[in-house]
Amino acid sequence: MIRLMNMTDCRRDEERFQNGQSVAEFLQRQNLDGLELMHLPGGEPSFFQTENVKGLHLRNWYDWVDLWNGNLENLLREYETLDQIREIYGGLGRDRILKPLQTDLELARRFHVSYVVFHVCDVKNTEFFTNHLLHTDEEVVDAAAELVNELLDGKPFEFEFLMENLWWPGLTMTRPEITERLLEQVHYPRKGIMLDTGHLMHTNLELSTEEEAIDYVLEQIEKHGKLTAYIRGIHLNQSLTGSYVKEFLSHKDEMPSSHRERDAACYEHVFRIDPHLPFTSHRALELVEAVQPEYLTYEFISSSREELEEKIRQQNRTLIS
C-alpha cells in the first residue's frame, strides 16, 4: 500500500516549503511515499520533484452536466445571462470541459503518475441552499461516463483512472447499482474508485460520532460486495457536520438572489460541511482493512505546515493496530 499526502500547487501551499526537496524531506519524516497533487489554474507543478508525485487530482466543476448536455435553459436559470455563463466556463461548448481535463491528463502523463482522480457529481449553488436536486444519480453518471470515454478512448495512458464519490447527485457510494452503472459504461480498462470516507459520511446527516460514521462507511462498503474490488484508493478523512447542514437548509428562504452572492456563500458552506479532519478513533484502521487499497491518501485542510504535520501525526496514530 502506497501512503500519500494530498497537496495543491497553489502558492499558499508551496510557500510552506523551500523547494521540491523540502517537500520530499517532509514526506520522508512523515513516513509517506509521495504526493497526490491537485493542479490549480495558475499553479506551478514544476515546484515538485517528479518522483514524488504518485497521483494527480484532476480539476473539477461542481456544475457541469447542463453545459455538457447543452441545456441552456437550466444554465440561464442559474447564471442569469449568456455573458455570465461564458465568463464562468470560458464558452458554451463541451470543449470548455474537455480541454482543461486534457491538459491535466497530459500533466499526469509527464509526471508518470500511478493514478488520476476525477469527481463524479453535479450540483448548482441553488441546490446547496434548497437541497432540491435537479439531476438524478443516473443522469450524472451517464454524462460522466460519456465524458471519461471522450477523454480516454484510444489514448495510450498507463495510469489508473479513479472516480471519486461525493454527496451530491452522481457517484455517492450509497447505491451499488449506480456504482456498477458508472463502471460498466466507462471503457478505460484501468478504471476504479477513489473512496472518500468524509464525503460518504455527508450522505447521512444523522451521524454524530466517529464510531457511528465508521459503522456507516463499513456498511456501504459491504453493500458493494464484489464491486469493492474496484476501490483502488481511499481519501482518508472524517467530518461530522450533519447538524450544521440541517441548520443551513432550514434557512433556505435566505438564499441570495444573485449568482455571485450565492457563489460566495457556497464557497464557505462547502468547507463548513467538509473540513477534512483526521480520525481520532483507532477504528479508522477497519476502513483500510475492509478495502485493502493500493493508495491511501491523507487529504486534509490546513492553514500552516505545523497544522498539516500535526494532522498527519494524528492520522498515523489512529492506524496503529
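This is a predicted model: local features need pLDDT of at least 70, side-chain atom pairs count only at pLDDT 80 or more; totals for chains, interfaces and linings use all residues.
How do the residues of the lining of the second largest pocket divide into nonpolar, polar and charged? Residues are numbered from 1 along each chain as its sequence is written, and side-chain values use heavy atoms, with hydrogens and water left out.

**Figure 1. The largest pocket, at about 1,500 Å³.** Closest to its centre, out of 47 lining residues, sit M38, N60, Y62, Y267 and F271. (A pocket is an open set of points on a 1 Å grid over the protein atoms alone where a 1.4 Å probe fits, with protein on both sides within 12 Å along at least five of seven lines; lining residues have an atom within 4 Å of a point. A volume is the space filled by probe spheres set on the points, which are joined across faces, edges and corners.)

**Figure 2. What builds the lining of the largest pocket.** α13 (259–273) is among the elements that supply at least two residues each, and gives the most, with six. (Helices are DSSP runs of H or I, at least four residues, numbered from the N terminus.) The lining has 24 nonpolar, twelve polar and eleven charged residues. (Ala, Val, Leu, Ile, Met, Phe, Trp, Tyr, Cys and Pro count as nonpolar, Asp, Glu, Lys and Arg as charged, and the others, Gly among them, as polar.)

**Figure 3. The second largest pocket, at about 380 Å³.** N131, W167, W168, H202 and L205 are the closest to its centre among 24 lining residues. Those lining residues split into 13 nonpolar, nine polar and two charged. Here α12 gives the most, with four residues.
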